[in-house]
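Q: Could you walk me through this structure, taking one feature at a time and giving the general idea before the case at hand?

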Amino acid sequence: MPRAQRKIGEILVGLGVLKSSDVNRVLAALSRRLHRQKFGQMAQTMGLLREEHILAALAVQMDLFPGIDRMTPGQILASLQDPKPGAPPPNA
């Protein structure tokens, strides 16, 4: 599946942050909500992940830099916080 179409839950499983059963629990909880809530917000509310996990998954979903799909969440976050010298800024 093209990266742009991958869902956050799938990415979090791929990163090793969530299990497939966790994704199913979050989706079940979301289906019971009257007010719309995002997957990452619900998973965080349920104590299954932290905000930095959501940020790492979003970076993968947006394919922010080459090789991101082979990185760990920690490596992704480190790359986001400390870009390589000489690399263009993200908004360039």
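A: Helices are DSSP runs of H or I with at least four residues, strands are runs of E with at least two, and both are numbered from the N terminus; Gln 44 has its place in helix α3. The model is predicted, so that local features need pLDDT of at least 70 and side-chain atom pairs count only at pLDDT 80 or more, while totals for chains, interfaces and linings use all residues. Residues are numbered from 1 along each chain as its sequence is written, and side-chain values use heavy atoms, with hydrogens and water left out.

Q: Is Gln 44 buried, partly exposed or exposed?
A: Buried means under 20% relative accessible area, exposed over 50%, and partly exposed in between, with a 1.4 Å probe and protein chains only. Gln 44, with a relative accessible area of 34%, is therefore partly exposed.

Q: Which residues does Gln 44 touch, not counting residues up to four places away in sequence?
A: Contact means heavy atoms within 4.5 Å, and on that basis Gln 44 touches Leu 49, Arg 50, Glu 51 and Ile 54.

Q: At what angle do α4 and α5 pack?
A: Axes are lines fitted to C-alpha atoms, for helices over the stretch in contact, and angles run from 0 to 180 degrees between N-to-C directions. Helix α4 (residues 51-61) packs against helix α5 (residues 73-81) at about 80 degrees, their axes being 9 Å apart. Angles under 35 degrees count as roughly parallel, over 145 as roughly antiparallel, 65 to 115 as roughly perpendicular and the rest as oblique; α4 and α5 are therefore roughly perpendicular to each other.

Q: Which residues of α4 are buried?
A: In α4, the buried residues are His 53, Ile 54, Ala 56, Ala 57, Ala 59 and Val 60, and their cover includes α1 (8-14), α3 (39-45) and α5.
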